[in-house]
Each structure stands twice: as structure tokens, then as C-alpha cells.
Amino acid sequence: MSESPVLLNKHEVERLLTYDDLIPRLESVMGKFSKRDSSEIIQPVRSVVPIQQHSGFLGVMPAYLAAEGILCTKIVTFYQRAEGSSLPSTQATVLLFHPEHGHVTAIMDGEAITAKRTAAVSAISAKLFKPALSEVLCILGSGQQARSHYDVFTKLFKFKEVTSMKTGNTSKSFKMCFCVCDPVLYTLQVRVWSRRKEMAQRFVNDLQDPVTVCSSVKEAVIGADVIVTATGASQPILFGEWVKPGAHIAAVGACRPDWRELDDVLMREAVVYVDSREGATAESGDIILSGVCITFHQYNIADLSHHRHTYSTPKSLFSQAEVFAELGEVLNGSFPARREKTTVFKSLGMGIQDAVSAKLVLEKWNGEH
Ligand SMILES: NC(=O)C1=CN([C@@H]2O[C@H](COP(=O)(O)OP(=O)(O)OC[C@H]3O[C@@H](n4cnc5c(N)ncnc54)[C@H](O)[C@@H]3O)[C@@H](O)[C@H]2O)C=CC1
Ligand SMILES: O=C([O-])C1=[NH+]CCC1
């Protein structure tokens, strides 16, 4: 007879799941996933049931990680809620199974896992793609994801260190200049925007450090080095013309094929990374619907020799934004991190991320009992 499953509530999961432990596990599993070279990791694209009547969706996200002995599924619902609704728009439960015998070993809250693992993956993208000197972080949205992103981004990137030079006397007999490498700490500036300013203000009131509340997306993003989009928007809210060249955007919302957070200009100009190519091409409106304009100039070779073009009118086609690489392909060294460019990391969420998070929580809980 199998033992009863361990039951862990949101409070317990939040306590046990720390970013310091989680980030290396996510980096490792995403790097392995992107190798696609074995049956070691199985993760189908999320199955989604639309609940049209109530503007919601039910998603099932299974994953099997043979080497780690993890068999898991998350069941998640996500809804488009009215502003100020007291109900969470993303709710989830994670089940861990015994891979050999098939019984359920743990049932745990998936809201905390979803909030933390999504933010941790965005933070990994920022580590790889943000400009070297990043001083301004902008968060669009003020819900659960906005908060977890604030927490992990300010934990990891709170300060940048630069070196200052000092001169002084070292001995009585002669004067000498010496240099001291002194770390100077600059506080990362954080800006937040939300559809209703009072929601952004409420978000800020819960924080210890100063954060600027902005009245418009444009005001919030101009000059920002790192931008997190974590909204329920279904139409673009972030426009490429406002984005500082070289900035990094972690795009977390718009997880339906007909939803957008980012406009075509941004999708065209940025180098686009995703968590999973299959997930992104099935579920991301920012990728599926973004019209990238390709212009062809056709020449007649014979006429070229006389310096005349047969077709002087360019012909244009529209195609989807190109996915440059998966985050895991950068983590495993197959693709470069093009930090010098404007970069978008389009996150949809992956079952393997939930699976390693849940395993970590269970290990920690087992360690305490
Ligand atoms: N990539 C991933 O792995 C995950 C993505 N998500 C997605 O991230 C987004 C945020 O999720 P949560 O923070 O859990 O939701 P939430 O409901 O806690 O926060 C949503 C925020 O978006 C704002 N918002 C809603 N509709 C908007 C609109 N039309 N225009 C501008 N702002 C709007 C709300 O005011 C609120 O600030 C959702 O789209 C959700 O589906 C959620 C979990 C994981
Ligand atoms: O990965 C996830 O859990 C979700 N992505 C979009 C909504 C929920």
C-alpha cells in the first residue's frame, strides 16, 4: 500500500521554495530540455480548455524527468478578472507521482510555485540578456507576477558595483599614490505602472524600498534597462518606439495565441528568446500575430550590368517574428546571449519548471520531517 500523499499549502510552499535553491535547478533543467537529444525529458505543450462563458482557461501541464525521477503535473486555471477583483487570476495545484509505481506522493499549492518559478526564469533571462550597466527596472502590472518579479529582481540585481579610485599617503618618509578598489553601491531604480494608478500605489505601499509609480506605460518604460510585462492585456501595451535600444524585456503575460502585450515594432527589432519553441509557436500571440515585414528587391541580372533595375518597386511580405533561441539553448551553450541588442524573452511557462520546483519543495519538507 502506498503512503498518503504529503499535502502542502501555499504558506508552506512559499516558505520552502527559495530563489537561491530554485534558480540553479531551473537553469539546469531548461538547458537539458533544449538539447532535445534524449527521451530523458518529456513535456508536451500545455493542454488548454477555454471556459469562454467565464473568460477563463484550464491548463494541464505534465512533465517527466527520467534522470531526476520526477513525474509531475500542474493543473492551472487563469482568468481575465475585472480590475480590483479579490480573486487571484492564476490558481494552480501541483501533483507529484512516484515514477515507478504511479501513486501520488505530494499535492501542493501551485500558486506560489507559479509565481516564483516564472519570476525566477525571467530573472535568469535578465542575468543573460540585460545591459551590463542596468540601472532602471520597470514593471508593467501590479498583480501576483509583478510582485514575485519585483522580489527576485531586486534580490538579484539590487545594486550594481563599480570601482572608484582613491589616492592617499602611505608612509611618513615619502608620498605615494595608491589605488583602493572601493565598491560603490547604486540602488536600482524601480518603476511600476498599472492600469489603475491606485493599484500601482497599493503595490508600492507593501514594499520596503522606494518605487516610482508611473501614470503611463510610456513614462514607465522610457530609459528603462529591464522591463517586465506581467499583465492580463490582450492587446499590445508596450511599443517598440519607447524602448531604449539594448534593453531587455521579460514578457510574461499574453499566454494565448490571440493575446498581445508587445507591438510588432518591438517584435521586429528585438532578438527574441522563448522558453520552449513548441509552446511559443502554439500559444504566444506576440509571436504568432506579429507581422514582421520582409522587403524583397528583385533585379534582372542583365539589366544590372547596365545599372538598371528591372523591378524598382520593393515587394513586401509579412511573416511571424523569428524566434532566435530558447533560453535553455543559451544556458547549454548552443546559442549566444546577444546582450548588445534589444532582447525579448517571451515566457509561456513550462511543466518542467513546475516539476523541479515541486521536487525541491518536497525534498525540503522531507528534510524537516
Ligand atoms: N509566463 C508564465 O509562465 C506565466 C504567465 N502568467 C500570465 O501573467 C499575467 C499576469 O498574471 P498574474 O500576475 O497572476 O495576474 P494578476 O491578475 O495578479 O495581475 C494582472 C495584472 O495585469 C493588469 N491587467 C489586466 N488586464 C489588463 C489590460 N487589459 N491591460 C493592462 N493591464 C492589465 C491588472 O491590472 C494586474 O495588474 C497573466 O497574463 C497570466 O496569464 C501567469 C503565470 C505564469
Ligand atoms: O505556466 C503557467 O502556469 C501559466 N502560463 C500562463 C498562465 C499560467
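Trainee: Which residues surround ligand 2?

Mentor: Ligand 2 is surrounded by Arg46, Met61, Lys74, Val76, Phe78, Thr114, Arg117, Cys255, Leu348 and Gly349. A residue is near a molecule if one of its heavy atoms lies within 4 Å of it. Please note that this is a predicted model, in which local features need pLDDT of at least 70, side-chain atom pairs count only at pLDDT 80 or more, and totals for chains, interfaces and linings use all residues. Residues are numbered from 1 along each chain as its sequence is written, chains are lettered from A and ligands numbered from 1 in the order in which they are written, and side-chain values use heavy atoms, with hydrogens and water left out.

Trainee: How do the residues around ligand 2 divide by class?

Mentor: The shell has 5 nonpolar, 2 polar and 3 charged residues. Here Ala, Val, Leu, Ile, Met, Phe, Trp, Tyr, Cys and Pro count as nonpolar, Asp, Glu, Lys and Arg as charged, and the others, Gly among them, as polar.

Trainee: Which elements supply at least two residues of that shell around ligand 2?

Mentor: They are β5 and α3, and β5 gives the most, with 3 residues. Helices (H or I, at least four residues) and strands (E, at least two) are DSSP runs, numbered from the N terminus.

Trainee: And what lies 2.8 Å from an oxygen atom of ligand 2?

Mentor: An N or O atom in the side chain of arginine 117 does. A polar side-chain atom of arginine 46 is 3.0 Å from an oxygen atom of ligand 2, and a polar backbone atom of leucine 348 is 3.0 Å from a nitrogen atom of the ligand. On its own, ligand 2 has 250 Å² of accessible area, and the protein covers 90% of that. Accessible areas come from the Shrake-Rupley method with a 1.4 Å probe.

Trainee: Turning to ligand 1, how many residues surround it?

Mentor: Ligand 1 has 25 residues around it, and the closest are Ser89, Ser142, Gln145, Thr231 and Ser347. By class, the shell comprises 7 nonpolar, 15 polar and 3 charged residues.

Trainee: Which helix gives the most to the shell around ligand 1?

Mentor: Helix α3 does, with 3 residues. Both α3 (111-129) and α4 (144-157) supply at least two residues each.

Trainee: What volume does the largest pocket have, and what lines it?

Mentor: Its volume is about 1,400 Å³. The lining has 46 residues, with Ser89, Gly143, Gln144, Ala230 and Gly232 nearest the centre. The largest share of that lining, 4 residues, comes from β5. By class, the lining of the largest pocket has 18 nonpolar, 19 polar and 9 charged residues.

Trainee: And how much space lies in the second largest pocket?

Mentor: About 210 Å³ lies there. Its lining includes Lys10, Glu14, Tyr19 and Asp151. That lining has 3 nonpolar, 2 polar and 6 charged residues.

Trainee: Finally, what lines the largest cavity?

Mentor: Lys130, Ser134, Val136, Leu137, Phe157, Leu188 and Val226 line the largest cavity, which has a volume of about 40 Å³. By class, these are 5 nonpolar, 1 polar and 1 charged.

Definitions and conventions
1 Å grid on protein atoms, 1.4 Å probe; cavity = no way out; pocket = protein on both sides within 12 Å on 5 of 7 lines; lining within 4 Å. Points joined across faces, edges and corners; volume = space filled by probe spheres on them. Polar contact = N/O pair within 3.5 Å; in protein donor to acceptor, adjacent residues only side chain to side chain.
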